[in-house]
Amino acid sequence: MGVQLNGEPTMTPDQALELGEHLRQTRHDRGMSAVDLAELTDVNDATIVRIENGKIASPAADKLARIAEALGLDVADIFAMAGYGATSSLPSLPLYLRN
């Protein structure tokens with residue numbers, strides 16, 4: 001994982017895919033379409049799909065936070081997966097127990 005000039009982390013392609021698959025699976029589990037999630041988060045549905053497909057190696061922290069909150073995920077977990085620094089809480093234990 002690297003860091004862009006603006007300070008945002010850049011995930012490897014595998015990390016970006018893992019994050020995207022986790023978000024997509026959670027969205028599907030909640031019975032939501034990308035358009036539904038876009039309406040809840042004010043994030044363009046095409047951007048959501050690109051994140052889910054691992055096409056964005058450095059998604060904006062504010063967008064990730066809104067997506068995580070709308071999906072009922074711990075923002076710290078999503079930030080940890082995306083390589084962002086410490087937040088006000090630690091990632092939950094299930095993040096470390098995943099395969």
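In which helix is the place of alanine 70? In this predicted model, in which residues are numbered from 1 along each chain as its sequence is written, local features need pLDDT of at least 70 and side-chain atom pairs count only at pLDDT 80 or more, while totals for chains, interfaces and linings use all residues. Side-chain values rest on heavy atoms, with hydrogens and water left out. Alanine 70 has its place in helix α4, where helices (H or I, at least four residues) and strands (E, at least two) are DSSP runs, numbered from the N terminus.

The protein contains six helices and two strands, and its elements follow the order β-β-α-α-α-α-α-α from the N terminus on. Of the 99 residues in the protein, 37% are buried, where buried means under 20% relative accessible area, exposed over 50%, and partly exposed in between, computed with a 1.4 Å probe on protein chains only. Among the contacts in the protein with a separation of 6 or more, 54% join residues 24 or more positions apart, a contact being defined by heavy atoms within 4.5 Å.

The largest nonpolar core holds 24 residues, of which Leu19, Leu23, Ile48, Leu64, Ile67, Leu71 and Ile78 touch the most other members. A nonpolar core is here a set of buried Ala, Val, Leu, Ile, Met, Phe, Trp, Tyr and Cys residues joined through side-chain atoms within 4.5 Å. At least two residues of this core come from each of α1 (13-29), α2, α3, α4 (61-71) and α5 (75-82). In soluble globular proteins, nonpolar side chains tend to be buried together. When residues up to four places away in sequence are not counted, leucine 64 touches Leu19, Leu23, Pro59, Ile78, Phe79, Ala82 and Tyr84.

Helix α2 (residues 34-41) and helix α3 (residues 45-52) have axes that come within 8 Å and cross at roughly 115 degrees; such axes are lines fitted to C-alpha atoms, for helices over the stretch in contact, and the angles run from 0 to 180 degrees between N-to-C directions. Helix α2 is therefore roughly perpendicular to α3, given that angles under 35 degrees count as roughly parallel, over 145 as roughly antiparallel, 65 to 115 as roughly perpendicular and the rest as oblique. The crossing of α2 and α3 is right-handed, a crossing being left-handed if the near helix is turned anticlockwise from the far one by less than a right angle, and right-handed if clockwise. On the α2 side, Ala34, Val35, Leu37, Ala38 and Thr41 meet Asp45, Ile48 and Val49 of α3. By class, this contact of α2 with α3 comprises six nonpolar, one polar and one charged residues, where Ala, Val, Leu, Ile, Met, Phe, Trp, Tyr, Cys and Pro count as nonpolar, Asp, Glu, Lys and Arg as charged, and the others, Gly among them, as polar.

Within α2, valine 35 is partly exposed, with a relative accessible area of 41%, and its C-alpha atom is separated by 8.8 Å from that of isoleucine 48, 13 residues apart along the chain. Threonine 47, which is found in helix α3, counts as buried because its relative accessibility is 19%; leaving aside neighbours within four places in sequence, threonine 47 is in contact with Ile56 and Lys63. Aspartate 42 lies in the loop between α2 and α3, counts as exposed at 69% relative accessibility, and has a phi near 60 degrees, a positive value in a residue other than glycine.

The axes of α4 and α5 come within 9 Å and cross at roughly 135 degrees, so that α4 is oblique to α5. This crossing of α4 and α5 is also described as right-handed. In the contact, Ala61, Leu64, Ala65, Ala68 and Glu69 of α4 meet Val75, Ile78, Phe79 and Ala82 of α5, and the residues divide into eight nonpolar, no polar and one charged.

Alanine 70, in helix α4, is partly exposed with a relative accessible area of 26%, and touches Leu37, Leu40 and Thr41 when residues up to four places away in sequence are not counted. Alanine 70 and arginine 27 are 43 residues apart in sequence, with 9.2 Å between their C-alpha atoms. Glycine 72, found in the loop between α4 and α5, is exposed, with a relative accessible area of 59%, and the C-alpha atoms of glycine 72 and arginine 27, 45 residues apart along the chain, are separated by 9.6 Å.
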